[in-house]
Amino acid sequence: MISRLRFIICILACLAMCSASAQYYNGERTFDGEHHNEVSLSLTTGKNIITGPCIGNTVHYKHYFNDHWSVDGGANLQYTKELYGIKAKGEYHIKVKAFHIFASAEMLYNRYFKYKTNEIDGNISVRFERGYWDITLGETLINYTIGESGYTELPTLTFGAHATLRPRTNNWNVGLLFRNYDDFYYENWNINWGLDFYYKFSAQWKMFGEFNIRPSGSMSQLASKYETTGKVGLIYRWK
Amino acid sequence: MEITMKKSILYSLMATALLAASGLFSSCEKVSPQGVLMANTSVDDRVKQSLIYYTYHGDNLDWFLVDSIEEYSFLVGSDSHITFDPGRLAEMAEIGLENGDLFYCHLGDLADTKPEYYYNTKAALYNATRLWRNKYLEPLIDEYHKAEDGMFYDKRIKRDTRNFARAWYDWELPFYPVVGNHDITHNGWSLFCDQFKTSFYEFTVQVGDKYDRFIFLDSANGTLGDFQTDEIDNNALLNDDKPIRNTFTFTHTNIFRPSMNEFASTYCREELYYLLNKLSEWGTSIAFWGHVHAWDDRMFNGVRHITMPSMNFKDHPNGGDDLIVRVTVYKDDREPKVERVGLYCKERSKKELEELGYYVTTK
């Protein structure tokens, strides 16, 4: 039954991709029954074809009310890109048999200072999580405004797939990611891929990072490298 | 029961493969996996090659001069995906000749990438060139010989004919394409550039003492790439110093999505906003986009954006009243007029094409 379910979820994910999708990944995300608060700080560096070398910081705060409900807020400061963003997210977690299912709603605001562009993204997603992998499916609405003109893109499917070498409860892990979003942006058909990792020093401290390739153009247009970034950060959890 | 690591990897690979497959079929029809996985050129390489050509031959593109007449017009078509039958392209050329349109623009995916398809495309353009020369150049020969210093101006073809002494065969149909994603798969770029030389260029039409500027950008990979954006920022195109009246831009990959049936823009966020700002900075009157085979017409930040339907047989086997557009540009400050124009010819059989001298294969 479970393997049939796994198969169906894989097929659903892929079918959804065929018609047209968010979550950032910091390693273990499930409430442990003890730590209600976590804050993470990370440093991102890399190269973007439009803005050149990029460097920035992101900061996140997450509060778990209980095993089901959590809220999350974040800020992104990309200095050389002159991109500044804030986001807020609410998430509901439920366990169905062996699956952890997370339903989330997120609002994201980005100011692309260099391009005089304001962008507001709204996303709803469901993440299916097992010990070694997770799949995210959702829908995103992206609105941008330049000058007095605004445009809301038609809904875009949000997709993420992530597999890890070790079970999610392990104190270290390395994973492979494949998704059309990152912490502070949602894309259409530009599908990121890369590696991520974490190492848990203690119940309070964890180090995480990722190497992310963001291509330009969909794969059907012979996508070429657009942005390559590396990220390292620390998470601190407390009661 | 925990899923094993082996299974996890298997599922991930499965998802990856299916995602890749979904990407393969995500834009224009008829995408082959080989073409998707093995691009022969990158946008940077194509733009470098184009700029080298443009540096030496850019002046030759810049030969239009509109003096005493009140208006001129040009035709724009997109996504012709020519296979054996280049009939729709020939029809577009005939319409232009009949109406006296000054030149033709094409938004990419001109032919699907097989040598015989390009041979037939080239043959159709050569036929159109022959008709164009007969209409516009032959009447000028006597006039040219009468001119004392070999310099004269003829408003019938609205060109500066000071270079008329150039070899007859140098005069070709004024057909200006951009490269599309289907033009770069397999060995597509070599076939395309053999005929059209460049994917990143511009020319101007002089109207009185001002100029209308026509800019052609290479977005066949779904991105302009860093070299092209750098060159744009460094004013690599030659006409930045001229007094510009209207600017028209042409590129393959769309920004705006006409409906849920079409795929969304593939420009990454920063690039999308860069491009929209650049179009406004250029004072663009109309930006033309292709790729999604559907019509969309909207104003954004002072720029009119027109996304074009395809003109190929597969999408429109019986033709249609609105497959290409004619843009009329006035001498005064009126907004350029856009009217949709029909193409109606039907796809011919291989036998008919063979009889007409086109190259037809069974494979």
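This is a predicted model: local features need pLDDT of at least 70, side-chain atom pairs count only at pLDDT 80 or more; totals for chains, interfaces and linings use all residues.

Me: In which sense do S2(A) and S3(A) pair?
Reply: Strand S2 of chain A covers residues 52–64, and strand S3 of chain A covers residues 69–78. A hairpin of 4 residues joins S2(A) to S3(A), and A:Asn57 stands opposite A:Leu77 in S3(A). Over 9 bridges, the sense of the pairing is antiparallel.

Me: Over how many bridges do S3(A) and S4(A) pair?
Reply: Strand S4 of chain A runs over residues 83–96 and is antiparallel to S3(A). A:Ala75 stands opposite A:Ile86 in S4(A), and 4 residues lie between the two strands of this hairpin. The number of bridges between S3(A) and S4(A) is 10.

Me: Is A:Glu82 buried, exposed or partly exposed?
Reply: A:Glu82 lies in the loop between S3 and S4 of chain A. Its phi is positive, about 55 degrees, although A:Glu82 is not a glycine. Most residues other than glycine have a negative phi. Because A:Glu82 has 16 C-beta neighbours inside 10 Å, it counts as partly exposed.

Me: Is A:Tyr185 buried or exposed?
Reply: A:Tyr185 is found in strand S12 of chain A, residues 185–186. Its C-alpha atom is separated by 9.1 Å from that of A:Gly85, 100 residues apart along the chain. A residue is buried if 20 or more other C-beta atoms lie within 10 Å of its own. With 23 such atoms, A:Tyr185 is therefore buried.

Me: Of the contacts in chain B between residues at least 6 apart in sequence, what percentage join residues at least 24 apart?
Reply: Chain B has 363 residues, of which 47% are buried, and it holds 9 helices and 14 strands. Among its contacts between residues at least 6 apart in sequence, the share joining residues at least 24 apart is 74%.

Me: Where do the buried residues of H6(B) lie around the helix?
Reply: Helix H6 of chain B spans residues 188–196, and its buried residues are B:Gly188, B:Trp189, B:Leu191, B:Phe192 and B:Phe196. Seen down the axis of H6(B), these residues fall within an arc of 160 degrees, so they line one face of the helix.

Me: What distance separates the end C-alpha atoms of H8(B)?
Reply: Helix H8 of chain B comprises 13 residues, 269–281. Its buried residues include B:Tyr273, B:Tyr274 and B:Leu279, and B:Gly283, which follows the helix, has a positive phi near 70 degrees.

Me: How many residues are in the largest nonpolar core?
Reply: B:Val76, B:Tyr104, B:Phe216, B:Phe288 and B:Ile324 touch the most other members of this core. Leaving aside neighbours within four places in sequence, the contacts of B:Phe216 include B:Tyr176, B:Phe200 and B:Phe250. Another core, of 5 residues, lies apart from the largest one, and among its members are A:Trp189 and B:Phe263. The number of residues in the largest core is 91.

Note on methods
Residues are numbered from 1 along each chain as its sequence is written. Chains are lettered from A and ligands numbered from 1 in the order in which they are written. The expected span of a helix is 1.5 Å times one less than its number of residues. A residue is buried if 20 or more other C-beta atoms lie within 10 Å of its own, exposed if 12 or fewer, and partly exposed in between; C-beta atoms are placed from the backbone. A nonpolar core is a set of buried Ala, Val, Leu, Ile, Met, Phe, Trp, Tyr and Cys residues joined through C-beta atoms within 7 Å. Two residues are in contact if their C-beta atoms, placed from the backbone, lie within 7 Å. Two strands pair if DSSP finds at least two bridges between them. The arc is that of the directions from the helix axis to the C-beta atoms.
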